Amino acid sequence: VFTTSEGSFTAELYMDKLPITASNFVDLAESGFYDGLTFHRVIDGFMLQFGCPKSKDPSSRQAGTGGPPGGGSFTTPDGQTI
């Protein structure tokens with residue numbers, strides 16, 4: 001569940017189809033990586049984009065240019081550590 005200033009929504013993750021991407025997302029979410037970030041790109045009726053640590057300041061011109069630190073690892077549903 002995502003909680004925003006505009007309300008809450010739920011996202012569905014397809015662990016069976018995208019195990020690496022979904023597992024990485026879950027790991028980052030559980031670590032608190034996304035806490036306090038803003039949606040730095042919103043196209044009404046089409047998409048929302050977030051995940052850049054530089055978006056903690058919603059007026060930053062660098063929002064959308066960063067990502068998580070390298071060197072992390074996570075475990076997929078089948079037990080593989082990546």
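Helices (H or I, at least four residues) and strands (E, at least two) are DSSP runs, numbered from the N terminus. The model is predicted: local features need pLDDT of at least 70, side-chain atom pairs count only at pLDDT 80 or more, and totals for chains, interfaces and linings use all residues. Residues are numbered from 1 along each chain as its sequence is written, and side-chain values use heavy atoms, with hydrogens and water left out.

**Exercise 1.** Classify the ring pair of F2 and F50.

*Solution.* 
1. Rings of Phe, Tyr and Trp (its six-membered ring) pair if their centres lie within 6.5 Å; planes under 30 degrees apart count as stacked, over 60 as edge-to-face and the rest as tilted.
2. This rule gives 8 aromatic pairs.
3. For F2 and F50 the centres are 5.7 Å apart and the planes 85 degrees apart, an edge-to-face pair.
4. F2 lies in strand β1 (residues 2–4) and F50 in the segment after β4 (47–49), 48 residues apart.
5. F2 is buried because its relative accessibility is 18%.

**Exercise 2.** Classify the pair of F33 and Y34, and state how accessible each residue is.

*Solution.* 
1. The ring centres of F33 and Y34 are 5.2 Å apart with planes at 80 degrees, so this pair is edge-to-face.
2. F33 is buried at 15% relative accessibility, and Y34 is buried at 17%.

Notes
Buried < 20%, exposed > 50% of the residue type's maximum accessible area, 1.4 Å probe, protein only.
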